Amino acid sequence: MMSDPAILALVALLLPAASFLILAIVAPLRLLGRPAAYTSILFAAGSLAAAIGAWRGHAEQQVTRLAWDWLPSNGVSIATLGILADRDSTLMLILVALVAFLVQLYSVEYLHDEAPAALGRYYTYHSLFAFSMMGVVLAPNLLQLFICWELVGLCSFLLIGFWYQKPEAARAAVKAFWTTKAGDVGLLIGIILLWRVAGTFDIGELRTLVTSGAIPVEGLSLITFCIYLGAVGKSAQFPLHTWLPDAMEGPTPVSALIHAATMVTAGVYLLHRTVFLFPPDVLMVVAWIGAFTALLAAVLACVQDDIKRVLAYSTVSQLGYMMAAIGAGFSSAGFFHLLTHGLFKALLFLGAGAMIHAVHSNDLPRMGGLAKTMPQTAIVFVIGTLSIAGIPLFGGFLSKEEILGATLAGHQTGPFVLLMTVAFLTAFYMFRVVFLAFFAVRATHASPLHVAAGPANHLRQGSGGPPKLQAKPEAGHYDGPPEAGHHDTPHDPPAVMMLPLWVLAVLSLGVGIYSTTLGHFLQFGPGAEGAAEHAAPGWLTPAAVGVAIAGIGLAWLVYQRRTIDAGRLASAFGPIRTAALNKFWIDDIYEGILALALLAFSRIVGWIDRYLVDGVLNVVSAWTVSAGGLLRTVQTGRAQDYVYGVAVGLLILILWMRWALT
Amino acid sequence: MGLQAYLILAATVFCIGLFGVVTRRNTIGILLGIELMLNAVNINLVAFSHFSGTITGMVFTLFTICITVSEAAIGLALVILLFRVRRTVMADHLDLLKG
């Protein structure tokens with residue numbers, strides 16, 4: 001039965017767990033660093049092989065599952081633990097296993113300056129992450145999914161804060177943890193409410209209940225909205241998106257794995273898995289918020305100077321795309337984009353990591369002209385960029401067009417218009433990165449459009465720009481390994497880092513060519529959902545590609561030919577640019593709200609303490625004091641008064657005995 | 001004369017003694033009042049003893065007289081010491097315990 005996909009999926013799930021346990025328990029191995037890394041990579045490779053086997057072993061639309069009782073009660077188990085292997089989960093499993101494996105391979109070289117103990121810690125976390133993420137992917141019920149979901153969040157926290165000596169990294173880790181936790185609370189409430197309604201956590205049983213009409217979908221608005229909240233937090237949708245750009249404080253490979261390819265897409269995956277529960281009104285919210293997030297993040301990406309932040313906002317933007325497709329009712333389109341996005345965004349992040357590794361800076365103006373010195377990196381990075389821009393024959397083309405078609409077919413015209421704008425902006429900001437980093441001469445004067453909010457004045461030896469003052473070390477924001485030393489000329493990274501890049505580039509290209517030439521890749525897209533072929537209007541493909549090419553053209557004119565002055569372009573969009581540089585003040589609003597809420601709460605607590613708690617105590621003590629004062633007057637100190645007292649008391653006693661006792 | 005007459009006499013002497021105790025400002029006067037009250041009790045005891053035909057009351061009275069004597073001796077000694085220290089024996093001046 002080794003060919004059973006569920007068993008193979010279980011193997012793929014348990015290998016990283018084994019690796020984590022070995023590294024966590026066998027401390028000497030972990031402290032050695034490199035051997036720990038090789039152990040983890042070996043297990044990840046095995047996991048990848050098992051994942052591919054699970055996918056190949058499973059026939060189309062066939063669902064295999066393993067289940068064990070968990071939480072038994074009166075002979076019926078409230079919850080089960082198990083493995084659900086179907087087309088979607090095995091494909092996602094491959095993506096997770098592949099990116100995890102490639103990133104672990106890449107990290108050996110990227111983090112070569114780390115202390116051995118730190119390297120061991122890094123790979124321990126990585127193994128735990130791979131296990132938890134696969135747990136989310138393979139979970140057949142919502143309870144198991146939630147547990148793994150939280151584990152994934154924990155790993156994200158640990159890896160963002162990998163360089164915990166840096167205060168920004170520690171702060172970013174805490175911020176990411178709390179922000180996603182805000183959504184997770186919603187998810188947990190949603191799951192529990194759903195259990196009260198349906199009496200089961202199992203996704204398959206829920207689907208049967210809904211399709212048979214036992215549970216009317218219309219009554220699930222609140223529950224599904226709660227579940228959606230979890231996805232909002234994890235997938236960085238609009239109100240809770242602020243943690244993702246800050247999460248870039250972690251090592252770049254971590255960003256590639258967790259904050260681009262896998263963990264942040266868990267929200268999309270969750271919605272894809274449970275979309276049958278969603279009533280139309282909630283889906284409408286999902287679509288609009290998704291499209292709005294996509295636009296907001298795309299605008300923000302245009303003004304960032306930190307290459308990782310551009311990519312982070314681009315991830316938020318693409319996640320908005322996927323959400324919009326799910327909201328339009330075509331979750332398969334969103335899932336398809338999830339897969340292609342996982343490939344090309346991991347590629348872009350790892351490519352950015354190679355550049356950061358070479359120039360020891362995150363800042364775009366400090367790069368420039370890298371195409372000559374890093375030709376291989378340039379090629380793979382451009383492939384990734386063309387994929388995300390949605391150029392035919394490249395990875396993101398068909399999935400992006402599917403999403404645009406889905407929003408049209410779902411009659412979501414508003415989100416469709418937003419997403420078309422985003423397609424233009426995506427091409428623009430991604431090619432801005434390409435031109436600035438690879439082709440443009442290294443900027444000697446800081447032109448307004450590529451100066452980020454902070455003082456981005458970079459003094460690089462040999463670049464004879466007007467030296468500006470206050471060029472502090474933190475201005476040239478550098479996310480690489482803190483103690484990286486040598487400052488030779490930039491060059492392509494060693495083969496161990498180049499290999500993952502090439503694999504991802506070839507896969508991005510391959511998926512793109514395959515899907516463009518053969519139409520629907522693996523029958524993805526709306527047609528596969530049993531709905532009528534959505535028959536995208538004929539103008540959609542030319543329009544989408546045209547918009548992308550227009551974006552590329554604008555970027556070329558502004559940053560390569562410099563026929564359009566970047567400063568003039570910036571001033572044309574003055575207010576928007578100012579707002580974007582300040583991240584639309586969302587972080588400030590949160591801080592303000594939190595500060596106000598805390599202040600108001602403290603005021604209330606203070607008032608209660610001062611006037612209620614203290615008041616009661618003061619009144620009681622005042623009563624005691626005045627009663628004592630009253631009693632004092634009885635104690636005159638004159639012996640005769642006491643004799644009076646005794647006499648009167650005796651008299652009373654006698655009278656009482658006389659009348660009461662007879 | 002029956003028992004009642006003795007009891008009335010005793011009550012009268014007791015009340016006179018009590019009146020003395022609560023009205024006299026002089027400590028020696030208070031001690032005198034106390035003596036009167038104790039002797040009123042003695043009258044009662046002797047009367048009860050006489051009318052009941054037992055000697056229990058007599059024995060009690062003997063004890064009471066002894067105690068009264070020692071009480072008077074101690075009381076007067078205290079008054080003398082008090083006078084040496086405070087130069088007064090007026091009860092309403094002796095209010096050191098008043099808070």
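Predicted model: local features only at pLDDT ≥ 70, side-chain atom pairs only at ≥ 80, totals over all residues.
Where is the place of A:Phe336 in chain A? A:Phe336 sits in helix 15 of chain A, the helix that covers residues 331-359. A:Phe336 counts as buried because it has 29 C-beta neighbours inside 10 Å.

Chain A runs to 662 residues, and 51% of them count as buried.

Next come the nonpolar cores. In soluble globular proteins, nonpolar side chains tend to be buried together. Here the largest nonpolar core holds 208 residues, and the members that touch the most others are A:Ala12, A:Leu93, A:Val96, A:Met355 and A:Leu419. Leaving aside residues up to four places away in sequence, A:Met355 touches A:Ile307, A:Met367, A:Leu370, A:Met374, A:Thr377 and A:Ala437. There is also a second, separate core of six residues, and B:Val21, B:Ile30, B:Met37 and B:Ala40 are among them.

As for how the two chains meet, the contact draws on 10 residues from chain A and nine from chain B. Sorted by class, the chain B side of this contact has five nonpolar residues, three charged ones and one polar one. For the complex, the predictor gives an ipTM of 0.75 and a pTM of 0.72.

Most residues other than glycine have a negative phi. A:Ala236 is not a glycine, but its phi is positive, at about 55°. A:Ala236 lies in the loop between helix 9 (221-234) and helix 10 (243-246) of chain A, and it counts as buried because it has 30 C-beta neighbours inside 10 Å. B:Arg87, another residue other than glycine, has a positive phi near 55°. B:Arg87 is found in the segment after helix 3 (56-86) of chain B. With 8 other C-beta atoms within 10 Å, B:Arg87 is exposed.

Finally, a word on confidence. Chain B averages a pLDDT of 89, and 97% of its residues score at least 70. In chain A the average is 80, with 88% of the residues at 70 or above. Within chain A, confidence is highest in helix 6 (residues 142-160), at a mean of 91, and lowest in helix 22 (residues 566-572), at 70. Over residues 444-487 of chain A the pLDDT is below 50, and the model gives this stretch 76 contacts beyond near neighbours in sequence. Residues 521-533 of chain A likewise stay under 50, and the model has 24 contacts for them beyond four places in sequence.

Definitions and conventions:
Residues numbered from 1 in each chain as written. Chains lettered and ligands numbered in written order. Contact = placed C-beta atoms within 7 Å. Nonpolar A, V, L, I, M, F, W, Y, C, P; charged D, E, K, R; others polar. pLDDT = per-residue confidence, 0-100. Helix = DSSP H or I, 4+ residues; strand = E, 2+ residues; numbered from the N terminus. Buried ≥ 20, exposed ≤ 12 C-beta atoms within 10 Å, placed from the backbone. Core = buried A, V, L, I, M, F, W, Y, C linked by C-beta atoms within 7 Å.
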